[in-house]
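Here is a short briefing to read with the model open beside you.

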Amino acid sequence: MSERPVGERLTFHADRDTLEVDLSGMAFHTAAATEAFYDDVDARVGESGSRWYFLVNYEDCEISPEAWAAFAERGKRANISYGLGTVRFGVNVNVRESIRSHAQSEQFRANLFESRDAAVLALADMRKRHLTTGATSAESFLKVEDVLLRFGGVTALENVGFSVHPGEVFSIIGPNGAGKTSMLNVVSGFYRPTSGRILFEGQDRTHLKTFEVARLGFARTFQNIALFRGMSTLDNIMTGRLLKMKYDFLTDALYWGPVRKEEIRHREFVERIIDFLEIQAIRRTPVGRLPYGLQKRVELARALAMEPKVLLLDEPTAGMNLEEKEDMARFVLDVNDQFGTTVLLIEHDMGVVMDISNHVVVLDHGVKIAEGTPDEVRNDPVVIRAYLGQG
Ligand SMILES: Nc1ncnc2c1ncn2[C@@H]1O[C@H](COP(=O)(O)OP(=O)(O)OP(=O)(O)O)[C@@H](O)[C@H]1O
Ligand SMILES: [Mg+2]
């Protein structure tokens, strides 16, 4: 263990609620040494009497396999007792993999960044989002008001309303035919509600068309995958950029230079998404040949290529095995964290995605029957009955 005392490794930035933790050059070889380090940290943070965002420097930090369980457990406990969120930088490959796999199995956010600057920026964003996450900001972000949707004699949605806060993962769950996809179609502008309103950033946009809603910053994936099966992964994702492209083929002939430059910019953005979603290996593969789970990921990539403010996901884990579901849940969390994208997610099962949601609305037969945190909803007898009742 390094010579430097723990006190010198902790820097409290009280003006930004941030505690900088410098693990650089440390080696955690045993569980006992790890426990001792955390005891010391806990005592010092306890004295502060506040909660903190953690900015953790992992440069040249080594964690031995024997120490991992203690390291992960104490880190998690620290977060629960006095953390507001964590970002990490300078993480070497081995530690990175361990953090990723723990993040996945225990559903916390890995938040790994290349540099201290990038980590600081992400933390500032996270803090800003938390500070603006309140009743008033939801009013002006995305609000669904009293939406009624009828198809002839069928009432798909019966006066459903809710408010989505900026930066949250918001889920709508419910049994088959509950009206989930209908709600997503209303929000995306594909269906016009029979009555009720959709407000976004303070504006009434109930009557906008799908492409106008997309322009405002909404992107979606579909319950049944809607990709160009014969086209490669890369080309499919590029189609997500179309909305962002300024030049058409005529200007292409006139201004070859600017067009080239713009195309390069789009390509670079798409490459970032490909790296982010770890689909480099299939960039040239026609998507029709990919397994289902990967097609779903390509669809997510295409939606991200639109740089949306709000991502609408219709059953992103349907038909997947547990491992694929956990992967998808992790990517949704990472998108939410690293791009600050608000996510409106629809799910049938109360499975993996419940754990990553900040807020859940439950629909049944077109009616909102419950709303709250995942735990509140999971234990609500009305919800349990609705799920048991389905044939
Ligand atoms: N275009 C439409 N025309 C007529 N009825 C429709 C239409 N779209 C949806 N419905 C009806 O509205 C109700 C809600 O359907 P919706 O697809 O929104 O449910 P869901 O919760 O997404 O179900 P699932 O879990 O099966 O995807 C159903 O009774 C359905 O038959
Ligand atoms: Mg549906």
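Predicted model: local features only at pLDDT ≥ 70, side-chain atom pairs only at ≥ 80, totals over all residues.

Sorted by class, the shell around ligand 1 holds four nonpolar, eight polar and one charged residues.

**Around ligand 1**
- The shell counts 13 residues, and the closest are Phe151, Ala156, Lys180, Thr181 and Ser182.
- Two elements, strand E9 (154–164) and helix H7 (180–187), supply at least two shell residues each.
- Helix H7 gives the largest share of that shell, three residues.

**Helix H7**
- Is helix H7 mostly covered or mostly open? Helix H7 is mostly covered, with seven of its eight residues buried.
- The buried residues of H7 are Lys180, Ser182, Met183, Leu184, Asn185, Val186 and Val187; Lys180 and Ser182 also belong to the closest residues around ligand 1.

**The E8–E9 hairpin**
- Strand E8 (residues 142–151) pairs with E9 in the antiparallel sense, and seven bridges link the two.
- Within this pairing, Val147 is found opposite Val160 in E9.
- Two residues lie between E8 and E9 in the hairpin, and Gly152 in the turn shows a positive phi of about 55°.

**Domains**
- The domain assignment divides the chain into domain 1 (6–132), domain 2 (134–217 + 308–391) and domain 3 (230–304).
- Taken over C-alpha atoms, the centres of domain 1 and domain 2 are 32 Å apart.

**The five-stranded sheet**
- An open sheet with mixed pairing is built from five strands in the order E1-E2-E4-E6-E7.
- Strand E1 (10–13) and strand E7 (112–113) are at the edges with a single partner strand each, so one side of each has no neighbour in the sheet.
- Strand E2 (residues 18–22) and strand E4 (residues 52–57) run parallel and are joined by five bridges.
- Leu19 sits opposite Phe54 in E4.
- Helix H3 (residues 65–82) packs on this sheet, where H3 touches E4 and strand E6 (83–89). The direction of H3 makes about 140° with that of E6.

**Thr206**
- Where is Thr206 found? Thr206 is in the loop between strand E12 (203–204) and helix H8 (210–216).
- Thr206 counts as partly exposed because 18 other C-beta atoms lie within 10 Å, while a residue needs 20 or more to be buried.
- Apart from neighbours within four places in sequence, Thr206 is in contact with Pro193, Arg197 and Ile198.
- From C-alpha to C-alpha, Thr206 and Phe28 are 56 Å apart in space, and 178 residues separate them in sequence.

**Two glutamates with positive phi**
- Glu307 is not a glycine, although its phi is positive at about 50°.
- The loop between helix H12 (292–305) and strand E14 (310–314) contains Glu307.
- Glu307 has 16 C-beta neighbours inside 10 Å and therefore counts as partly exposed.
- Glu315, also a residue other than glycine, has a positive phi near 45°.
- Glu315 lies in the loop between E14 and helix H13 (322–338).
- Is Glu315 buried or exposed? With 21 other C-beta atoms within 10 Å, Glu315 is buried.

How values were computed
Residues numbered from 1 in each chain as written. Chains lettered and ligands numbered in written order. Near = placed C-beta within 6 Å. Helix = DSSP H or I, 4+ residues; strand = E, 2+ residues; numbered from the N terminus. Nonpolar A, V, L, I, M, F, W, Y, C, P; charged D, E, K, R; others polar. Domains from an automatic or database assignment. Pairing = 2+ DSSP bridges. Contact = placed C-beta atoms within 7 Å. Axes fitted to C-alpha atoms, helices over the stretch in contact; angles between N-to-C directions. Buried ≥ 20, exposed ≤ 12 C-beta atoms within 10 Å, placed from the backbone.
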